[in-house]
Amino acid sequence: MEKVDIIGGGIAGLALAGMLDPERFDVTVFEQRTELPAVGTTLAMWPKAQQALSRLGILGAVRNRGAIIKAGALRRPSGEALLAIEGEGLLGVSRPELLRLLDTAVPASVRRMVGRVDHLSGAAALTVGADGVNSIVRRGTWGKRSAARPTPFLAVRGVVPATPSPGDVGEYWGRGEIFGLAPAIGGSNWYASFRSELGPDKVDVAGALEVTRRRYANYSSSVRDVLDLATADTSLAQRIWTTPPLGIYAGRGVVLVGDAAHAMTPNLGRGACEALIDAVTLGKLLNEQPMDKALATYTRKRVMRTQLLRLASSAMGRVALAQGAQPWRDALLKQVGKRVAGTRERAGTSK
Ligand SMILES: Cc1cc2nc3c(=O)[nH]c(=O)nc-3n(C[C@H](O)[C@H](O)[C@H](O)COP(=O)(O)OP(=O)(O)OC[C@H]3O[C@@H](n4cnc5c(N)ncnc54)[C@H](O)[C@@H]3O)c2cc1C
């Protein structure tokens, strides 16, 4: 039996623990959280992440507890649609629900240690950094220069018990700020992001909600109504952090998965999806190949794609959160929206 220590029992850590062959690996998951989070907003699962959930045997259960995200639009603060977006194939699931279901896929033989890991013991044949954006495994192995950096942006988000009308769903792009609204089980999932001095650590949620309400006071009534319903108990507020680029995710006896390897801004909704795909890819390789070969193949398969997504998310964030260039951006989006609508109409009439 080869000993594997997984630092972090979040999305990536639990998924990897669920993949590793219990006949071959003696696995321990170290998690600082004492229980699953009670508050959490919806994560959009793209098709490849759904395939990863299927490998873990929980896609059906996630579908039962999730909501299909069909369509939305990029909107002006007034609600006017600039560009319609087809969301076919996207599955929205709440983070606590996803963590709970991933937990059910972990074999009983996996040992659970509750508490924060502060240094790497190196006692295992493989130490996995699944400890998120502020990973100690990453810093401890790749050095201080690889540490996460705060962006100027705050993310405030939550769930309210009111279903959004289809004409309100989408992302509202203002000047240096965005607001997102999507259906969720039992209501609406919302998120707001803008530059803020709050944080970077332990952001006061009630204070952040007040700032958010003021900031979006001139938005459409659908946005204001959601923010009026939001409470500190059902909302989260945090600074967005990202990691600098890495060209390799594995060294001798150590490997990174999820945000520890490639934390990106949330603008493409890919971080959790890629964390799942990392874990399933790595688990399958470790089950089938000698460790050194599996780690080298994992790096080769995952670095390019995830680093490109990291760059694309940050480029998307710069466009969405544009300040000075916002009028040009909106004019361009409007033109693209008209062309896309025209193409769809012609495709419809020619059928
Ligand atoms: C506002 C926002 C919206 C997002 N929306 C989406 C979306 O729609 N779709 C999507 O795919 N992604 C989304 N993401 C990204 C997604 O949340 C992350 O990419 C994902 O959570 C990464 O999973 P992970 O397991 O790598 O890290 P985490 O979820 O951060 O898990 C790390 C775990 O390690 C534990 N840990 C950390 N340090 C230690 C330690 N020293 N000792 C012990 N335990 C430790 C933590 O407690 C945690 O449980 C969003 C992110 C944000 C901020």
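Q: Which residues does Thr-163 touch, not counting residues up to four places away in sequence?

A: Thr-163 touches Pro-183, Gly-187 and Ser-188, where being in contact means that the C-beta atoms of two residues, placed from the backbone, lie within 7 Å. This is a predicted model, in which local features need pLDDT of at least 70 and side-chain atom pairs count only at pLDDT 80 or more, while totals for chains, interfaces and linings use all residues. Residues are numbered from 1 along each chain as its sequence is written.

Q: Where is Thr-163 found, and why is Thr-163 called exposed?

A: Thr-163 is found in the loop between S8 and strand S9 (170–173); helices (H or I, at least four residues) and strands (E, at least two) are DSSP runs numbered from the N terminus. A residue is exposed if 12 or fewer other C-beta atoms, placed from the backbone, lie within 10 Å of its own, buried if there are 20 or more, and partly exposed in between. Thr-163 has 12 other C-beta atoms within 10 Å and is therefore exposed. Its C-alpha atom is separated by 7.7 Å from that of Ala-184, 21 residues apart along the chain.

Q: What makes Lys-202 exposed, and what is its phi?

A: Lys-202 has 10 other C-beta atoms within 10 Å, so this residue counts as exposed. Its phi is near 45°, a positive value in a residue other than glycine. Lys-202 is placed in the loop between S11 and H6, and Pro-200 lies in that loop too, between strand S11 (187–195) and helix H6 (205–215). A cis peptide bond, with omega about 10°, joins Gly-199 and Pro-200.

Q: Why are H1 and H4 called roughly parallel?

A: The axes of H1 and H4 come within 8 Å and cross at roughly 20°, where axes are lines fitted to C-alpha atoms, for helices over the stretch in contact, and angles run from 0 to 180 degrees between N-to-C directions. Angles under 35 degrees count as roughly parallel, over 145 as roughly antiparallel, 65 to 115 as roughly perpendicular and the rest as oblique. H1 is therefore roughly parallel to H4. The contact is made by Ile-11, Leu-14, Ala-15 and Gly-18 of H1 and by Leu-98, Leu-99, Leu-102 and Asp-103 of H4.

Q: What makes H1 and H9 roughly parallel, and which hand does their crossing have?

A: The axes of H1 and H9 come within 8 Å and cross at roughly 25°, and the two helices are therefore roughly parallel to each other. Their crossing is right-handed, whereas that of H1 and H4 is left-handed; left-handed means that the near helix is turned anticlockwise from the far one by less than a right angle, and right-handed that it is turned clockwise.

Q: Which residues come nearest to the ligand, and which element gives the most to the shell around the ligand?

A: Of the 33 residues around the ligand, Gly-8, Gly-10, Gly-132, Gly-258 and Gly-271 come nearest, a residue being near if its C-beta atom, placed from the backbone, lies within 6 Å. H9 gives the most to this shell, with 4 residues.
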